[in-house]
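This report describes the sheet, the nonpolar cores and the aromatic contacts of one model. The sequence and structure come first.

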Amino acid sequence: MDEKSTSSHQRILLFLLMVAVFSVFMIQYACPSSSECQMLHQLGAWFTLRGGPGIRIGDGESQDGLQKDPYIAEDGALARFVPRFNFTSADLNREVDFNIKGDDVIVFLHIQKTGGTTFGRHLVRNIQLERPCECHAGQKKCTCLRPGKKETWLFSRFSTGWSCGLHADWTELTHCVPSRMDSREAQKNQPRNYYYITILRDPVSRYLSEWRHVQRGATWKASLHVCDGRSPTLSELPSCYPGDDWSGCSLQEFMDCPYNLANNRQTRMLADLSLVGCYNVSSMGEDERWAVLLDSAKRNLKGMAFFGLTEYQRKTQYLFERTFNLQFIAPFTQLNGTRASSVEVPSEKQQRIRQLNRWDVELYEYARDLFLQRFQVARQQERRQARERRQQERRRLRGRFSAKQGRRPKPTETMSSTEERRTESEVLLSDWWDVDENSTMEDYIGNVEQW
């Protein structure tokens, strides 16, 4: 009797458990929206969180079965992002038809102390490719060839080297890259497609990072600064120090040099310098000159295939993958502690740095706004596509359920009235705005570049 009683109890428990599991699935079927059956969804969530076998919420999933957003969780304290600049749909929907097997080339414009070295290594070592780049220990460059061809698809420090000069800027690259590619490889019947990319960084952090780098002996003397076919003369671009390098310079000395190329470096390197007479500063007033350079830098940045921000590593990864339809193997890492971030700088000196780099500050605010709007648009589109797939799956399951009950759904029953109302309301929203997607992290000065 004891054995029969135990067996009977086990059957009853198993039956109740199966009923509970089936009930949870029916809740999701009958009430796909939590707003329609809030109490039932709460009960279902209570059960699944407390150990219903076979229906546990997996790592990285929320209670409604959706993936948790990894991009919001990693950037710091939440803050409401309010766009300041108006961009067209074409500016925000940035996806290119990159053909790695054809003639397309990615060109990486590497600005000093923006985390470009780390990003450059990602490009040659961390992308899932049919033909991965060949990187060997002890060699500074990797071989990145197209599948089935002896042609490169990447023009960067770690693939082609500094072929257009050390840290070549926009002015140099746009004039140099096509001729360099033609000299390296056979000329094509049709022009190659060049997709320019870059990484920007908070101006104060970048400036402090460059100062520390110069303080340790870096000079970048090998940079050519070619503009309109020639390098600048010594009178056009004087040196800040008399010796071989500027080792041991103080922050005050670094800030006091009026010829320091660290000032507004990002704006200058992204602008077309030929618009202001290259390095001949006598052609126009200083403010007028920098206003022209800033407008040019904004225009070039907006027209680039992609740019990322050092302060938003995972978002940078996400937008690059979506833009080029390429996937990274390992996720990017957001780092906070570097030598530059560990420097204690008084507030008055920080303010002086911002003033010295006021054009970079304005460029970065513009870039950050565009970057986050692009991210919002991409995430909104991704959610819309996922919602459409879920709706299609629900309609398919309802059709199967109706067929099993001996009733075929009418054509008008393919979508519930609630779904129709929800779809209509979604159409009324602006093209990209999503309340759930417009929370982003407060920008911070901490930088992520490893020394």
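## Sheet, cores and ring pairs

From strand β5, F306 and G308 point one way, F307 and L309 point the other way, and all are buried. Buried here means under 20% relative accessible area, exposed means over 50% and partly exposed lies in between (1.4 Å probe, protein chains only). The model is predicted: local features need pLDDT of at least 70 and side-chain atom pairs count only at pLDDT 80 or more, whereas totals for chains, interfaces and linings use all residues. Residues are numbered from 1 along each chain as its sequence is written, and side-chain values use heavy atoms, with hydrogens and water left out.

Helices (H or I, at least four residues) and strands (E, at least two) are DSSP runs, numbered from the N terminus. An open sheet is formed by 4 strands in the order β3-β2-β4-β5, with parallel pairing; strands pair if DSSP finds at least two bridges between them. At its edges are β3 (154-155) and β5 (306-309), each of which pairs on one side only. Strand β4 (residues 194-200) runs parallel to β5 and is joined to β5 by 4 bridges. The bridge partner of I197 in β5 is F306, while T198 stands opposite F307.

Helix α5 (residues 116-125) lies across β2 (105-109), β3, β4 and β5, and runs at about 165° to β2. Helix α11 packs on the sheet and touches β2, β4 and β5; its direction makes about 170° with that of β5. Contact means heavy atoms within 4.5 Å. The axes are lines fitted to C-alpha atoms, for helices over the stretch in contact, and angles run from 0 to 180 degrees between N-to-C directions.

A nonpolar core is a set of buried Ala, Val, Leu, Ile, Met, Phe, Trp, Tyr and Cys residues joined through side-chain atoms within 4.5 Å. The largest core has 74 residues, of which F119, W153, L173, I197, L270, F320 and F324 touch the most other members. Helix α13 gives the largest share of this core, 11 residues. Leaving aside residues up to four places away in sequence, I197 touches I106, V107, F108, L109, F119, L123, M304, F306, F320 and F324.

The whole structure holds 22 aromatic pairs. Rings of Phe, Tyr and Trp (its six-membered ring) pair if their centres lie within 6.5 Å; planes under 30 degrees apart count as stacked, over 60 as edge-to-face and the rest as tilted. Two edge-to-face pairs are tabulated.

| Pair | Centre to centre | Between the planes |
|---|---|---|
| F85 and Y366 | 5.2 Å | 75° |
| Y318 and F375 | 5.5 Å | 70° |

F85 is partly exposed at 22% relative accessible area, whereas Y366 is buried at 8%. The other pair joins Y318 in α11 (residues 313-324) to F375 in α13, 57 residues apart. Y318 is buried at 7%, and F375 is buried at 4%.

Ring pairs also link F98, F108, F119, W153, Y195, F306, F320, F324, F328 and F332 into a cluster.

A charge sits over a ring if NZ of Lys or CZ of Arg is within 6 Å of the ring centre and within 35 degrees of the ring normal. The charged end of K315 sits over the ring of F375, 5.2 Å from its centre, and that of R212 over the ring of W211, 6.0 Å from its centre.
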